[in-house]
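Please read the following report alongside the sequence and the three-dimensional model.

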Amino acid sequence: MSIRKRLIIIGGGIAGLTAASSARRQWPGAQIAVVEADPHLAYNKIALGAFAAGKSPRDRLRLLPPLSLERQRIETVANARVRELAAQERKIVLDDGRRLAYDTLVLATGARPIVPPIEGIDAPGVLPLWSMSDALLARERLKEARSVTVVGGGVLGVEMAAAFREAGRDVTIAEAQGELLPRLLDETAGALYTGALRAAGIELSLGDPVAAITRTLLGLEVRTAGGAVFASDMVLVTAGVRPQIELAQEAGLACRKGIVVNRFLRTSAPDILACGNCIELEGRLQPLWNPALEQGSVAGSNAFGDTLTYASAPPILHVKTPRTPLFVCGERPGEGAKTALEQRTKSTYRAAVLDDEKRVTYAVFVGDTARAQLLERAVISGAPMPAGPVASGDLEALLDALDDDTQDDRRAWSCRVCGYVHEGGAPPQVCPVCAVGPDQFLAA
Ligand SMILES: Cc1cc2nc3c(=O)[nH]c(=O)nc-3n(C[C@H](O)[C@H](O)[C@H](O)COP(=O)(O)OP(=O)(O)OC[C@H]3O[C@@H](n4cnc5c(N)ncnc54)[C@H](O)[C@@H]3O)c2cc1C
């Protein structure tokens with residue numbers, strides 16, 4: 001590339017930062033800038049829960065080594081919200097009126113927490129948890145709080161409840177649906193997991209939506225439609241997230257629930273790509289870390305010419321409830337699913353579901369996630385499983401067979417931040433539990 005083309009990336013989350021690094025590798029001569037509304041940049045969002053609960057120090061949130069962006073010649077403009085995208089003129093307008101010109105723009109604006117229409121949801125002491133600013137506030141409030149109600153029993157809700165419980169607080173999860181994580185867990189996994197959370201001292205209010213939150217002299221009261229009342233010093237709302245699409249929408253880009261992109265991560269407008277939690281690809285949203293990271297890599301690489309395509313990967317979740325770890329990979333099968341290999345004990349459950357071609361399409365491990373990586377790899381690779389263990393219906397034999405296949409390059413790597421153990425010839429690019437990079441792994 002002879003002329004110095006300008007790439008601007010809006011959003012300094014994992015998608016935007018990965019796009020910047022990937023663009024730098026692919027387009028060494030380009031000018032690259034990341035514009036971020038928040039004052040905080042390059043922190044590990046996945047580790048915010050432990051930080052908010054006071055379980056880990058702030059330096060554990062650092063995503064990149066100091067000066068990493070400067071060394072890559074990536075300019076950062078923090079604390080600067082983009083208020084307008086003038087796509088015809090190839091310019092963006094910041095809140096303070098500055099206008100920045102680009103040749104290519106990458107939208108990596110992420111998602112924002114859904115605020116459910118509950119009376120009193122805006123009362124002081126009712127908080128979301130999605131950004132560093134949210135986590136700093138929650139951490140401060142928690143110092144004074146003895147009881148916490150978490151509204152919403154999704155992955156973030158259960159993780160936060162577990163973290164607050166471990167920090168010694170009385171914790172209630174109030175969830176409108178009758179089960180926890182019903183789209184992820186089969187019946188057995190759901191029952192075991194729910195029982196384990198209760199045994200850890202977390203009160204669960206299921207199937208009874210929160211109707212109102214009231215501030216009283218003593219604190220907050222969370223009232224459900226069924227008439228239950230939970231007195232709380234702090235209320236955390238984790239009711240899901242919604243893609244931030246307003247900039248794109250107002251500029252006339254095709255949007256549905258997310259900003260619509262093709263497999264090159266190009267939007268409907270020339271020279272504008274999008275990646276991360278703000279996008280919709282083939283009708284699907286995936287508000288998760290790994291897809292955001294991989295999409296960032298593709299979008300940055302394609303900034304001035306298409307080099308890569310992005311293919312949706314199955315969802316992978318390592319749910320951070322340390323007393324009862326949970327791993328889920330792939331789509332929960334519907335009724336009448338094919339072969340299921342299961343193994344149960346009183347406190348653990350492991351299952352894999354295979355299709356007609358003997359490919360693993362879904363795996364769930366509750367209470368013991370030690371060999372989950374073997375099935376994670378099997379789901380991602382889409383390779384058929386060895387016939388013997390499948391025919392015998394013996395999950396342990398299947399895991400042994402998968403283990404033998406990786407025996408040659410087997411080595412264990414332990415994450416210094418969260419203790420996750422990875423097996424393989426090299427540490428992973430990113431820790432699937434707390435998302436730090438390979439430099440945080442030690443040979444175990
Ligand atoms: C506590 C917690 C635990 C999590 N655990 C997991 C997990 O275990 N596994 C998993 O897969 N996922 C997990 N997630 C979700 C995961 O962190 C997100 O999916 C991922 O970080 C999203 O990255 P992103 O870059 O797409 O968006 P974001 O990180 O949201 O970044 C988007 C950025 O764009 C900025 N922005 C938006 N609009 C503008 C504008 N107009 N001008 C300037 N800047 C703008 C925002 O300020 C934001 O910083 C967790 C999230 C949290 C909060």
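## Ligand contacts

In this predicted model, a backbone N or O atom of Ala 37 lies 3.0 Å from a nitrogen atom of the ligand, a polar contact in the sense of a pair of N or O atoms within 3.5 Å (within protein, one must be able to donate a hydrogen and the other to accept it, and residues adjacent in sequence count only if both atoms are side-chain atoms). The protein covers 93% of the 1000 Å² of accessible area that the ligand has on its own, where accessible areas come from the Shrake-Rupley method with a 1.4 Å probe and, for residues, only the protein chains shown count as cover.

Residues are numbered from 1 along each chain as its sequence is written. Local features need pLDDT of at least 70 and side-chain atom pairs count only at pLDDT 80 or more, whereas totals for chains, interfaces and linings use all residues, and side-chain values use heavy atoms, with hydrogens and water left out.

## The shell around the ligand

Of the 32 residues around the ligand, those that come nearest are Glu 36, Val 82, Asn 277, Trp 289 and Lys 320; a residue is near a molecule if one of its heavy atoms lies within 4 Å of it. The shell residues divide into 18 nonpolar, nine polar and five charged, with Ala, Val, Leu, Ile, Met, Phe, Trp, Tyr, Cys and Pro counted as nonpolar, Asp, Glu, Lys and Arg as charged, and the others, Gly among them, as polar.

## Domains

The chain is divided into domain 1 (6–43 + 57–112 + 241–301), domain 2 (126–237) and domain 3 (316–443), with bounds that come from an automatic or database domain assignment. Domain 1 and domain 2 each give at least three residues to the shell around the ligand. The C-alpha centres of domain 2 and domain 3 lie 28 Å apart, and 20 residues of domain 2 are in contact (heavy atoms within 4.5 Å) with 20 residues of domain 3.

## Helix H9

Helix H9 (residues 372–381) is largely enclosed by the rest of the structure, because seven of its 10 residues are buried; buried means under 20% relative accessible area, exposed over 50%, and partly exposed in between (1.4 Å probe, protein chains only). Helices (H or I, at least four residues) and strands (E, at least two) are DSSP runs, numbered from the N terminus. The buried residues of H9, including Leu 374, Leu 375 and Val 379, pack against E21, E22, strand E24 (349–354), strand E25 (360–366), helix H11 (395–405) and strand E27 (421–423). Just after H9, Gly 382 takes a positive phi of about 70 degrees.

## Single residues

Thr 324 sits in the loop between strand E21 (316–319) and strand E22 (326–330), and it counts as buried because its relative accessibility is 10%. Leaving aside neighbours within four places in sequence, Thr 324 is in contact with Tyr 193, Ala 196, Val 366 and Gly 367.

Ile 259, found in strand E18 (residues 259–261), counts as buried at 1% relative accessibility. Its C-alpha atom is separated by 8.5 Å from that of Gln 244, 15 residues apart along the chain. By contrast, Pro 28, in the loop between H1 and strand E2 (31–35), is partly exposed, with a relative accessible area of 48%.
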